[in-house]
Amino acid sequence: DEEATRIVDPRGLAHVEDAVYLDAWCHRAQGERVFRGDRIVTARELDTGVLDPSARPRDLTAGWFTDSETVRVTLRIEAPARWMTEYYPVENVRPGPDDTLDVDVEVSNEGWLRSLVLRLAPHARVVAPSDLDDRLRHTARVALDTYERG
């Protein structure tokens, strides 16, 4: 949803579903990241070498989360948050009530989901599983209470 400059150590390209991704070590995030090819505006080679020249691309041919347990989460998103369906891998998208979309995503990390929902707020919420929605709402309330108390 915004342009950012990143320094990455590219490891390879991966074709997942209908998109091509750059698999790389991101210096800014200090971790492995994938960047959707059609969202890369410009790229240039730097004079510095990669940190780990022996690193190989991850095998993404079987999907994003083959090595970990995942939970299918349904998000209900409003129009201003629809960009997330193009930015993140989604399993299913269907019409929801009142011009919303219900989007199924496979989630391997609750912290990642919390960050995503907060980023999409107030235009997204967890529909299922309901206990996860309750936990995320509680976490958001605690954070808001902390900020309001100063």
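These legends accompany several close-up views of a predicted model.

**View 1. The whole chain and its order of elements.** Start here to get your bearings: the chain carries 3 helices and 7 strands. Read from the N terminus, the elements follow the order β-β-β-β-α-β-β-α-β-α. Along the principal axes, the C-alpha atoms fill a box of roughly 50 × 40 × 30 Å. Of contacts between residues at least 6 apart in sequence, 50% join residues at least 24 apart.

**View 2. The surface and its charges.** Of the 150 residues in the chain, 28% are buried. The chain exposes about 10,500 Å², and carbon and sulfur atoms supply 48% of that area. There are 20 positive and 29 negative side chains, with the centres of the two sets 3 Å apart.

**View 3. The largest nonpolar core.** This core has 20 residues, and V73, L75, I77, M84 and L113 have the most contacts inside it. At least two core residues come from each of β4 (71-77), β6 (101-107), α2 (110-120), β7 (124-128) and α3 (130-149).

**View 4. Zooming in on M84.** Which residues does M84 touch, leaving aside those up to four places away in sequence? The partners of M84 are L75, I77, V90, V103, V105, L116 and L120. M84 is also among the residues with the most contacts inside the largest nonpolar core.

View 5. R72 and E106 meet through their side chains at 2.8 Å, N to O. R72 sits in strand β4 and E106 in strand β6, 34 residues apart. R72 is partly exposed at 42% relative accessible area, whereas E106 counts as buried because its relative accessibility is 18%, under the 20% cut-off. The second pair is D102 and R76, with an N to O distance of 2.7 Å. D102 belongs to strand β6 and R76 to strand β4, so this bridge ties together parts 26 residues apart in sequence. D102 is buried, at 9% relative accessibility.

View 6. The side chains of R82 and D99 form a salt bridge at 3.5 Å, N to O. R82 lies in the loop between β4 and α1 (84-87), and D99 in the loop between β5 (92-95) and β6, so the pair ties together parts 17 residues apart in sequence.

Conventions. Residues numbered from 1 in each chain as written. Predicted model: local features only at pLDDT ≥ 70, side-chain atom pairs only at ≥ 80, totals over all residues. Heavy atoms only, no water. Helix = DSSP H or I, 4+ residues; strand = E, 2+ residues; numbered from the N terminus. Buried < 20%, exposed > 50% of the residue type's maximum accessible area, 1.4 Å probe, protein only. Contact = heavy atoms within 4.5 Å. Areas by Shrake-Rupley, 256 points an atom, 1.4 Å probe, with all protein chains shown as cover. Lys, Arg positive; Asp, Glu negative; His and termini not counted. Charge placed at Lys NZ, Arg CZ, Asp CG, Glu CD. Core = buried A, V, L, I, M, F, W, Y, C linked by side-chain atoms within 4.5 Å. Salt bridge = Lys/Arg side-chain N within 4 Å of Asp/Glu carboxyl O.
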